[in-house]
Amino acid sequence: MSERYAAVERALREAAPHELLDVVRASLTEHFAANSVNLLIADYAMTLLQPIDALPYTAAPLSVHTSEPGRAFGAQQPLLRSAGTPPVVTAHLPISVRGDRLGVLSLALPEENCSRSTLGELEQLADVLGREIVLAERDTDLYLQARRTQRLTLAAEMQWQLLPSRACSRPEYALGGQLEPAYAIHGDNFDWSSSADHLTLTVTNGMGEGIEAALLTHLAVNALRNARRAGLNLPDQAHLADQAVYGQYEGAVHLPTLLLRFNLNSGLTEVIDAGSPRLWRLREGSLQLIEPEAQLPLGMFEDTIYHVEQFEVRPGDRLLIVSDGVYDVASPTGEKYQERALARAVNSARLLPASHVPRAVLDELAGHREAAEIGDDATIVCLDWFGR
């Protein structure tokens, strides 16, 4: 890499958390002759890009679907436009971290300065900026504030902070998830963690409304994490979380949960179906509902024993996990989404990467529901399996 790349990277790493935009703007102007530099962050619903500037934000957000930065964000590829005399190139560079799409870095620079090597350096600097934003979120609210185009409910604030991220990718798999309604989610959630040889994935279908639902989910997810980080197997993870929820609520509420543990070497998958999240597998164009033995939701009874079942995922498989706020939604004519519309939505999204699929299926769900209000949380997690 060139000295100018190293200078900008060093400046970003040394920048104060709240000054990343000022630093990247000044550094790209100095070292790359950029005429303008803007940073846009994707909102919680993944439908808008919010320009970052001084608080409070006054610039109008841009649509992910119709704007040029939105096209770069959706395709996860740089989008270049040349205009003016002398010609100036506007470059929209997607920002993501390990598959989690964060936003877009937009900048304008003279066309003579926009060589292939320059563009390559700018793309890598956008990646550096993304990692610095993720780190900065531990110390400043600036970028989390930029993600909201309307007020979050307190329950939704709790649920979004509980998530590991909205997407993740490794050579063996790619993951993407979305919660809806994004700004007023109650109790649904998902969690994942990977090691050298395994991926653990859980999806919870929260019970109740508002803060009570969020508190229940927080207790269960952190109990599952505590058990997982202690090295316990999947049945013991479920048992510990079950006891934590029962100990707090004594069976008054419970939490339907689907637990999965994938062997990254073989594709052999352990599953515990402790409730209502359902699992579909798309293999060679055929969508099939996988139905493990139904077991008790977490926290329903004391000392519940959970049993693992197994199935195999193969390279090319796509798994879709959805809550009842998706598959049970009825159209105005009474047809549930899972009966036919879900298969159409999954087929329509078959060429999209895993990180894009949840939003695409939720958009199809909105059309199926038509004018009816959202009656329940809706959660979708998509896993594409590549294998080793």
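Me: At roughly what angle do the axes of helix 2 and helix 4 cross?
Reply: Helix 2 (residues 20–32) and helix 4 (residues 116–136) have axes that come within 11 Å; helices (H or I, at least four residues) and strands (E, at least two) are DSSP runs, numbered from the N terminus. Axes are lines fitted to C-alpha atoms, for helices over the stretch in contact, and angles run from 0 to 180 degrees between N-to-C directions. The axes of helix 2 and helix 4 cross at roughly 165°.

Me: What pLDDT do local features need?
Reply: Residues are numbered from 1 along each chain as its sequence is written, and side-chain values use heavy atoms, with hydrogens and water left out. This is a predicted model, in which side-chain atom pairs count only at pLDDT 80 or more, totals for chains, interfaces and linings use all residues, and local features need pLDDT of at least 70.

Me: How are helix 1 and helix 2 oriented to each other?
Reply: Helix 1 (residues 3–14) packs on helix 2 at an angle of about 165°, with the axes 9 Å apart. Angles under 35 degrees count as roughly parallel, over 145 as roughly antiparallel, 65 to 115 as roughly perpendicular and the rest as oblique. Helix 1 and helix 2 are therefore roughly antiparallel.

Me: Which strands stand at the edges of the open sheet?
Reply: The open sheet has 6 strands in the order 3-2-1-6-5-4, with antiparallel pairing; two strands pair if DSSP finds at least two bridges between them. Each edge strand has a single partner strand, so one side of each is left without a neighbour in the sheet. These are strand 3 (62–63) and strand 4 (79–83).

Me: What is the bridge partner of leucine 40 in strand 6?
Reply: Strand 1 (residues 36–42) and strand 6 (residues 100–110) pair in the antiparallel sense over 6 bridges. Within strand 6, leucine 40 has as its bridge partner valine 104.

Me: Is aspartate 317 buried or exposed?
Reply: Aspartate 317 sits in the loop between strand 15 (309–312) and strand 16 (318–322). Its relative accessible area is 2%, and buried means under 20%, exposed over 50% and partly exposed in between (1.4 Å probe, protein chains only). Aspartate 317 is therefore buried.

Me: Which side chain makes a polar contact of 2.6 Å with that of aspartate 317?
Reply: A polar contact is a pair of N or O atoms within 3.5 Å; within protein, one must be able to donate a hydrogen and the other to accept it, and residues adjacent in sequence count only if both atoms are side-chain atoms. A polar atom of the aspartate 317 side chain lies 2.8 Å from the backbone nitrogen of arginine 314. The 2.6 Å partner is the side chain of arginine 283.
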